[in-house]
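Me: I'm new to this structure and would like a close look at a single part of it. Could you walk me through the sheet and what surrounds it?

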Amino acid sequence: MRNPALRHVLTMMLTPILMCVGMGLAYLGAFSSPEPHHMPVAVVGSGPQAKVFAQTVKDRAGDKLDVRTLDDRSAAIDRLMTRDIDGAYVLGGKAPELIVAGAGSDTTVSVVEKVFTPVAARQGLPLTVTDVAPTVDDDPTGQGLFFLLVAVSIGSYASVAVIGGAGAVLRMRTRALLVVAASGVVSLIGAAFAGPVFHLAHQHLWGLWAMTWLYSAGILFIGVGLHTFLKKWTTLGVMVLFVMLNFTSSGGIFRPDVQNGFFAALHGFWNGAGYVEGARSLLYFDSYDLARNVWTLVAWLAAGLVVIGVAKLAESRQERALTAPAAPARSEAELTAEADEEAEQAVA
């Protein structure tokens, strides 16, 4: 192609096209057809009747449910608060009762209700639903934490374009300090959203801030480190890691037991899942399993430190190579133009 400007535009168009394809595959693949897969539920009752009833529910549901029996209601509540089950159907009494933990996932509660409402109807009795872990009134669906994740993620990966692109002329140590500062600002904004602005967190706000900093710093260190190798493709790479695969596997909208195997598997170790599930644990489930989710965020931060360390070594080699007389050094103007281009992509 003879026109260099047109060639440049067409090359740059690859990024939005790949973003479109990636977002479609990720979001539609993760959210388009939610269906329970071995969702853990319990039938509460004693004696052979409860076991027969549980087996009947299992036979009707097939692979959609993993049905177990529990002897009493308190045991069911304990299992819900430790998130071992998603719902418990209590036999006996004047009417059957379905116990759920709404803070775990509003969509999961909806699925469990759809499963057991027809069961109660076949018994000719109304179903009473009891939520033992409700969300705060300011976040009735419990999805506020997911949108907090979105806000913090955007602030973090957009900062990558600025520090990695515009800051490419700076020493890596300076960029690392900027990462610490930027993640601190982003985490404080996130804490403000969760606390005084939208009242998602009525307690443990500083604990939520600390997790937000870990999450944001992990994204920034990884992104700034990758910039050394990906250059203008950094925005696309970071979006794949921290939007396409991250939001969809976080459990903020659908938990893994209603997603396909790929996104359910990512939920076990991806940083967005660690953040959302850690926040739920901290705010609603007496910090049960909080340590595992915090360690997930720490592991991603550690990975970021490794990436940025490798990038520093690579840049040191490049600098030594550029000091050779035959090697033409890139001008600061060229680096600035490339950084502006990346920033435009990130804003888009």
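In β4, which residue is the bridge partner of V90?

Reply: The bridge partner of V90 in β4 is E97. Before going further, a word on the basis: this is a predicted model, in which local features need pLDDT of at least 70 and side-chain atom pairs count only at pLDDT 80 or more, while totals for chains, interfaces and linings use all residues. Residues are numbered from 1 along each chain as its sequence is written, and side-chain values use heavy atoms, with hydrogens and water left out.

That bridge belongs to the pairing of strand β3 (residues 87-90) with strand β4 (residues 97-100), which is antiparallel and has three bridges. Strands here are DSSP runs of E with at least two residues, helices are runs of H or I with at least four, and both are numbered from the N terminus. Two strands count as paired if DSSP finds at least two bridges between them. In general, the strands of a sheet pair through backbone hydrogen bonds, either parallel or antiparallel.

Now the sheet around this pair. It is open, has five strands in the order β2-β1-β3-β4-β5, and its pairing is mixed. At the edges are β2 (65-70) and β5 (128-131), each pairing on one side only. From one strand to the next, the twist averages 25 degrees. Such angles run from 0 to 180 degrees between N-to-C directions, with axes fitted as lines to C-alpha atoms, for helices over the stretch in contact.

Two helices come next. Helix α3 (residues 48-61) lies across β1 (39-44), β2 and β3, and runs at about 175 degrees to β2. Helix α5 (residues 106-122) also packs on the sheet, where it touches β1, β2, β3, β4 and β5. The direction of α5 makes about 170 degrees with that of β4. Contact means heavy atoms within 4.5 Å.

Finally, let's step back to the protein chain that holds this sheet. The chain has 14 helices and five strands, and its C-alpha atoms fill a box of roughly 90 × 45 × 30 Å along the principal axes. Of its 348 residues, 47% are buried, where buried means under 20% relative accessible area, exposed means over 50%, and partly exposed is in between (1.4 Å probe, protein chains only). Among the contacts with a separation of 6 or more, 75% join residues 24 or more positions apart.
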